[in-house]
Amino acid sequence: MENFEKEISNDLLQALDELFAAAPQLEKGDIFVLGCSSSEIAGGRIGKASNLAAGETVIATLLPYLQEKGLYLAVQGCEHINRALVIERAAMQAHQLTEVSVIPARHAGGATAVAAYGAFSEPVMVESVQAELGMDIGDTFIGMQLKAVAVPVRPSKKSIGAAHLTMAVTRPKLIGGARAKYTWGKENRE
């Protein structure tokens, strides 16, 4: 099992490096959303084989990586808790998020949400977020938690454990028409 957890951590770090290489300018306090099926990582069917060791490994790898970059981690729970997210109280307050009353459990929220709740210094549950970037391990569908416009990032490694991996960054909407400009320069004055 130790080798499996090390493989999860190494693959996750590689994916994070690739995601951040593609990320637009991020600011301290931005939100990274994670959807993660520990069941899928361990080779089971989503929602049927919750694996606390896999969830704890994901959180133990992600959290210090994101903290070093000054970002908040939001971990989406499963549909049994309406996809509520575990997040630090400071992030909830900074982003004026709506707190909800639920605490994740292995079979109602998922092992990764449980691991995050245990690892955060002041965990709270919120209804939704609008994150700047995110990662979905096991096809849990995090799109509702991303700001518009989500741009897919194609990882070189397509899975974490046995779980399919997708990632996305966001960018502001491009508005306007044929004459609109999206970068600043001399041509803006002409």
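What covers the buried residues of helix 3? The cover includes helix 1, strand 1 (31–36), helix 2 (38–41), strand 2 (72–76), helix 5 (111–119) and strand 5 (133–137).

## Basis

This is a predicted model: local features need pLDDT of at least 70, side-chain atom pairs count only at pLDDT 80 or more, and totals for chains, interfaces and linings use all residues. Residues are numbered from 1 along each chain as its sequence is written, and side-chain values use heavy atoms, with hydrogens and water left out.

Helices (H or I, at least four residues) and strands (E, at least two) are DSSP runs, numbered from the N terminus. Buried means under 20% relative accessible area, exposed over 50%, partly exposed in between (1.4 Å probe, protein chains only).

## Helix 3

Helix 3 covers residues 52–68. Its 17 residues reach 24 Å from first C-alpha to last, close to the 24 Å expected at 1.5 Å a residue. The expected span is 1.5 Å times one less than the number of residues. Its buried residues include Ala54, Gly55, Val58 and Tyr65.

Asparagine 51 caps the N-terminal end of helix 3. One of its side-chain oxygens lies 3.2 Å from the backbone nitrogen of alanine 53. Glycine 70 follows the helix, with a positive phi near 75°.

## Helix 1

Helix 1 spans residues 2–22. Its buried residues include Ile8, Asp11, Leu12 and Phe20.

## Threonine 170

Threonine 170 sits in strand 8 (residues 163–170). This threonine 170 is buried, at 8% relative accessible area. A polar atom of its side chain lies 2.7 Å from the backbone oxygen of glutamate 132.

Terms used: Contact means heavy atoms within 4.5 Å. A polar contact is a pair of N or O atoms within 3.5 Å; within protein, one must be able to donate a hydrogen and the other to accept it, and residues adjacent in sequence count only if both atoms are side-chain atoms.
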